[in-house]
Amino acid sequence: MNEREYKEVKELLSSKKNIVLVPHRNPDGDAIGASLAMYHYLQNTGHNVTVIAPNDYPSFLKWMPKSKDVLKFDMQNRQSKRAIDEASIVFLLDFNALHRVGSDMENTLKDFEGTFIMIDHHQQPDAIAKYLFSDTSICSTCQMVYHFLENIDAVDSIDTSIATSLYTGIMTDTGSFRFASTTSTTHRIIADLIDKGANNALIHNNVYDTNSYSRLQLLGCALSNLKVEETLKTAYITLTQQELDEFNYQKGDTEGVVNYALSLNGVIFAVIFIEDVEQKIVKISFRSKGSFSVNKFAREHFNGGGHDNAAGGRSEISLNETVSKFLDILPNYKTELLNSYEA
Ligand code: 5GP
Ligand code: MN
């Protein structure tokens, strides 16, 4: 977005509107954080605002201010469709293509005739939004929401709820400020958010230290399934549906597990394959260190995408076949894998 467009958006938001905020399907801390931050800001400035998530999200995000107001499109379908129908502005937050909300919601949004505003840090955004704020170099959509507020002269309106929401999203998308995407600007924004009321220790506790016993047991199972392809600097984890059931899998329980594989000394490419019998797919998460692009790998072979160092994908063959396919492809990337990262 250029200066003129920010002026137009500011003008658009200067009178009361019906506004809908949409994060991607299976929303994470960044998507929910960005949605709730904008929800608070737009409500505080007099708009009629609805957050509609395509589906539910993990319980470790449900403590967030006004999380209870979030509609789930799959569960509260009629109410959600009405809100979209009545809206004149829809914000698309933390995703780059309409299909990332799932086919039902995608069909509803395709018919929307008002103004789309997209704020997102994924590569190759679809040209669907009248106003597009896209920057793949920024660690999180929540940091982009902060810049968006800066650009419409609204940073002084950041209250405790907005600060808490933005802090949460920046924290979760940067692996607690440790990924390479974390810059000095990120830290300056984080400092400002603490000054504006974000309780950093409490937020970390609410997100990371509220595990159930069964979630830790499931982590133990995942770690015991960890395999290493040492000559290719790769490690991967599998979880079958039976294992998920055994440990009473709840949404979000596998989030972050793939990072354990990436934490092995010498490993620069980590993958987790998770069987989903209901959807008849294997959900895959890819992570890397250095120049090896998992976005490219996921796009080329597993129907997915994301960022250079964190991407997702899916496979419609069995878990065992998916792993075999992966192991067959992997040697083709030997040079890239070995040259990706010097520890
Ligand atoms: P995760 O592995 O945590 O599900 O996702 C990592 C990153 O890849 C996130 O930024 C997420 O938005 C993106 N991502 C995950 N799954 C998919 C997918 O199926 N398609 C695309 N294009 N991106 C994905
Ligand atoms: Mn994000």
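Let me start at the N-terminal end of helix H7, which Thr183 caps: one of its side-chain oxygens is 3.3 Å from the backbone nitrogen of Thr185. That is a polar contact, meaning a pair of N or O atoms within 3.5 Å; within protein, one must be able to donate a hydrogen and the other to accept it, and residues adjacent in sequence count only if both atoms are side-chain atoms. Helices (H or I, at least four residues) and strands (E, at least two) are DSSP runs, numbered from the N terminus.

Before going on, the ground rules. This is a predicted model, in which local features need pLDDT of at least 70 and side-chain atom pairs count only at pLDDT 80 or more, while totals for chains, interfaces and linings use all residues. Residues are numbered from 1 along each chain as its sequence is written, chains are lettered from A and ligands numbered from 1 in the order in which they are written, and side-chain values use heavy atoms, with hydrogens and water left out.

Back to H7, residues 184–195. Its twelve residues should span 16 Å at 1.5 Å a residue, and the end C-alpha atoms are 17 Å apart, which agrees. The expected span is 1.5 Å times one less than the number of residues.

Which residues of H7 are buried? They are Thr186, Ile189, Ile190, Asp192 and Leu193. Buried means under 20% relative accessible area, exposed over 50%, and partly exposed in between, with a 1.4 Å probe and protein chains only. The buried residues pack against helix H5 (141–151) and helix H6 (160–173). On the other side of H7, Arg188 and Asp195 are exposed. Just after the helix, Gly197 has a positive phi of about 120 degrees.

Helix H6 also holds Ser165. Ser165 is buried, at 0% relative accessible area, and its side chain reaches the backbone oxygen of Ser161 at 2.8 Å. Setting aside residues up to four places away in sequence, Ser165 touches Gly33, Leu36, Ala37, His40, Met64 and Cys142. Contact here means heavy atoms within 4.5 Å.

Leu61 sits in the loop between strand E2 (48–53) and strand E3 (71–72). Is Leu61 buried or exposed? Leu61 is buried, with a relative accessible area of 0%. Beyond its neighbours within four places in sequence, Leu61 has contacts that include Pro27, Ile32 and Thr168.

Now the sheet. Six strands form an open sheet in the order E7-E8-E9-E10-E12-E11, with mixed pairing. Strands E7 (227–229) and E11 (305–306) are at the edges with a single partner strand each, so one side of each has no neighbour in the sheet. Two strands pair if DSSP finds at least two bridges between them. E7 and E8 (residues 234–239) run antiparallel and are joined by three bridges, with Glu229 opposite Thr234 in E8.

Last, ligand 1. A polar side-chain atom of Arg287 lies 2.9 Å from an oxygen atom of ligand 1. Backbone N or O atoms also approach ligand oxygens, at 3.5 Å from Ala311 and 3.3 Å from Gly312.
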